[in-house]
Amino acid sequence: MPTFMHHLPAMPFDSLAAELAARRDADLYRRRRVLDSPAGALAHSGGRTLLNFSSNDYLGLARDATLIEAAQAGAARWGVGAGASHLVTGHGAAHQAFEDEFAAFVGKPAALSLASGYQANLAAICALVGREDAVFADKLNHASLNDACLLSRAEFKRYPHNDPTTLERLLAGSRARRRLIVVDGVFSMDGDLAPLRELLALAECHDAWLYVDDAHGFGVLGDGRGSAAGLVSPRLIYMATLGKAAGVGGAAIAAEAVVIDYLVNFARPYIYTTATPPLLAETLRCSLRRIAEDGWRRERLVQHIRRLRAALADSGLRLLESATPIQPLLAPDSATALRWSAALAEQGLLVAAIRPPTVPSARLRITLSAAHLPEHLGTLIAALRRLES
């Protein structure tokens, strides 16, 4: 037998298995839960029906009858695939109509649709800045924003969470060719808001651009127009994901026409990707109408948020400050977060435990939806109060 055979490892992926084992030991191992039901207030999984407080379907549109009809009509009209990238033959009339309507809805001159929020962030940030430039990012930004900033090869400067004072100092000291401020409109794990008006003022003062990832604000805040509603500036570049409050999937970037044209020509994740199915664009056009017209969905959300916070105000449980559907309940450690989540599941509630490295401190991430009924909130509150015992 050749001697080199004695030096081969027993298994080719031992190092991967060891890292997974370390995650299990630290209560950080992740598994995918398989659901047997559409998105909604109720989730069917493992033969059980659970009240779902872990969905980002904030307005309850994911299974709305009018959106389903729009998807069916879109499939009948356009088929189920785009057939090519946008710059070849994949950009259909449905895509263009949605982009025009989205831009008008959020008050910007032009828009671009993409397959996901992650892709949108990679596409925009990596196209807009490079080696001679600088990006300035909140330390609690979403992972996709951080990845895009790193991949852009621009100088990457992070400032403390919601700290415009430090950001101003960093901007004032920068000699970069282009300066891009990158921030979440609503922070996905804390539920709090970025001070966008102050950030935009800094962008104006220091010749910078402001890129807002409004994954969790669009459809919910500003009469549905998002956390940047009412802010008017050519320096504002606005991104909304469309698989959360909009109930469908994909993402859209709205900005000045020159910015959108630049992304069409320079944003590699957009250029080299097959276009999304036109039926989704048709469904999103319907979603925009529902967001604009169904104010009752946001009103119900506000009622749910106020009721939950009031019910736990005198408890020993610590909810982070948040006026959005994201209501994080801090846990002492990852093991406790997992234990709480399991205890709630035993009582018929699906509430996800979020742990490092996704967040700096373990928590339950409670998310509310207009699809929840008042009795659903009552069940959740009673179960949460039992966690104290």
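Author: Domain bounds here come from an automatic or database domain assignment. This is a predicted model, where local features need pLDDT of at least 70, side-chain atom pairs count only at pLDDT 80 or more, and totals for chains, interfaces and linings use all residues. Residues are numbered from 1 along each chain as its sequence is written, and side-chain values use heavy atoms, without hydrogens and water.

Reader: Which domains does the assignment give?

Author: Domain 1 (26–59 + 295–385) and domain 2 (65–293). Their C-alpha centres lie 27 Å apart.

Reader: How many residues does the contact take from each?

Author: It takes 21 residues from domain 1 and 20 residues from domain 2. Contact means heavy atoms within 4.5 Å.

Reader: Switching to helices. At what angle do H5 and H6 pack?

Author: About 30°, with the axes of H5 (residues 117–128) and H6 (residues 143–152) 8 Å apart. Axes are lines fitted to C-alpha atoms, for helices over the stretch in contact, and angles run from 0 to 180 degrees between N-to-C directions. Helices are DSSP runs (H or I, at least four residues), strands likewise (E, at least two), numbered from the N terminus.

Reader: Which residues of H5 make the contact?

Author: Tyr118, Asn121, Leu122, Ile125 and Cys126. From H6, the contact includes Leu145, Asp147 and Leu151.

Reader: What does UniProt place at residues 49–384?

Author: The unreviewed entry has "domain: Aminotransferase class I/classII large" there. UniProt positions use the numbering used here, feature names are shortened, and annotations may be inferred rather than shown by experiment.

Reader: How much helix and strand over 49–384?

Author: 43% helix and 17% strand, with the end C-alpha atoms 18 Å apart.
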